Amino acid sequence: MTNRSNESWLSDLRADGVVREEALTDLREIVAHGLPYALSRWLSPDSALFAPLVDEVTQETLLRVLDQLDTFEGRSMFTTWVHKIAVRIALTELRRKRWQDSSLDEIVDNEELPVPARIIADRQPGPAETVEQADMMARVRRILEQELTPKQREALMLLSIQDVPLEEAAKRMKTNRNALYKLLHDARLRLKRRLTNEGLTAQEVLSAFEKK
Amino acid sequence: MNIKDLIQSIRHRFQREQELPDEVVKGFLRVLDKVRKEETTCNEVFAQLDEYVEKEVHGKDAAHLMPLLREHLDICSHCCDEYEALLDVLEETAKE
């Protein structure tokens, strides 16, 4: 494989014919070689999903790199920039596939929609929960209910309870990942401000739950 | 209305009636201390992630040099996953 500087990558990928083809072949190899490391925390190479996902992501990465070549600012090595794009595509795709699969399983296995186990577990105070903790939780929950807009609440429920991936939740809410993050950021700021107004800090509230 | 839409509409109704579980409330509280007024969006983080991770791999104090990005990573699990995955790629390929 040819060792290229950032400038060589850009010029070779913008060239015609054999030069471009060789650059694309090298880049394909680099992306496919890096992806198993990127996926190692989430997917075993033995999984049936692994090889098709690597192929699909590699192909999509090359297309996106060519499409976004002009946006590369040279703040890192070109290959790091390419790996970054591959990582975004791979994890988005993996989350989407996993979430779709589990949703399908739920639909197949249950005629009625399942209530996630941790919600059931949270419904009743545990034996170790004190009156003080229960009061604090009720107070914080009341503040949340008052402070969150319906959209913020919807986002929180989708992401935290149903484990819907960020991209999927954004799609469902007819927005994008960036705007959804901002929505939650605003919600956090509102809650932080309200707690401060009530003379509380998040740390104080949390420590109330850690008391035995 | 097809079956998928029907299921979604039932889910949405279920969602509205569901109170926020304790773990969601606690999870929300856990990140509050790190929330600042100035925000870095997921797109801004993504734009600089390659630079940030390279700094780390080269032994520089990336969190100190790019604090807003670090704060976003502490709060946003999706961006943090991407950061960790990219770090794994660079660290592991460097060992070869």
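Which residues does A:A202 touch, not counting residues up to four places away in sequence? The legends below take up this question first, for a model that is predicted.

**Figure 1. Surroundings of A:A202 in the predicted model.** A:A202 lies in helix 10 of chain A, and, with residues up to four places away in sequence left out, A:A202 touches A:K192 and A:L195 of its own chain together with B:L29, B:L32 and B:D33 of chain B. A:A202 counts as buried because 22 C-beta neighbours fall inside 10 Å, where 20 or more are required for that class. A:Y181, which stands 21 residues from A:A202 along the chain, has its C-alpha atom separated by 20 Å from that of A:A202.

**Figure 2. The contact between chain A and chain B.** Chain A supplies 44 residues to this contact, and chain B supplies 45 residues. On the side of chain A that touches chain B, the elements giving two or more residues are helix 2 (17-39), helix 4 (78-109), helix 5 (117-123), helix 6 (131-147), helix 7 (150-161), helix 9 (177-197) and helix 10 (202-210) of chain A. The most is given by helix 9 of chain A, with 9 residues. Sorted by class, the side of chain A that touches chain B holds 23 nonpolar, 9 polar and 12 charged residues.

**Figure 3. The crossing of helix 6 and helix 9 of chain A.** The axes of helix 6 of chain A and helix 9 of chain A come within 10 Å and cross at roughly 130°, and the two helices are therefore oblique to each other. The crossing in which helix 6 of chain A passes helix 9 of chain A is right-handed. Helix 6 of chain A makes the contact through A:I143, A:L144 and A:E147, while helix 9 of chain A makes it through A:R190, A:L191 and A:R194. By class, this contact of helix 6 of chain A with helix 9 of chain A comprises 3 nonpolar and 3 charged residues, with no polar residues.

**Figure 4. A:K174 in a loop of chain A.** A:K174 belongs to the loop that runs between helix 8 (166-172) and helix 9 of chain A. Its phi is near 55°, a positive value in a residue other than glycine. A:K174 counts as exposed because it has 7 C-beta neighbours inside 10 Å, where 12 or fewer place a residue in that class.

**Figure 5. The helices of chain A.** The secondary structure of chain A consists of 10 helices and 0 strands, and the pattern read along the sequence is α-α-α-α-α-α-α-α-α-α. Chain A has 212 residues, of which 28% count as buried. When contacts in chain A are taken between residues at least 6 apart in sequence, 65% of them join residues at least 24 apart.

**Figure 6. The helices of chain B.** Chain B contains 6 helices and 0 strands, which follow one another along the sequence in the pattern α-α-α-α-α-α. Of the 96 residues in chain B, 34% are buried. Among contacts in chain B with a separation of 6 or more, 67% are between residues 24 or more positions apart.

Methods:
Residues numbered from 1 in each chain as written. Chains lettered and ligands numbered in written order. Predicted model: local features only at pLDDT ≥ 70, side-chain atom pairs only at ≥ 80, totals over all residues. Contact = placed C-beta atoms within 7 Å. Helix = DSSP H or I, 4+ residues; strand = E, 2+ residues; numbered from the N terminus. Nonpolar A, V, L, I, M, F, W, Y, C, P; charged D, E, K, R; others polar. Axes fitted to C-alpha atoms, helices over the stretch in contact; angles between N-to-C directions. Parallel < 35°, antiparallel > 145°, perpendicular 65-115°, else oblique. Left-handed = near helix turned anticlockwise from the far one by under 90°.
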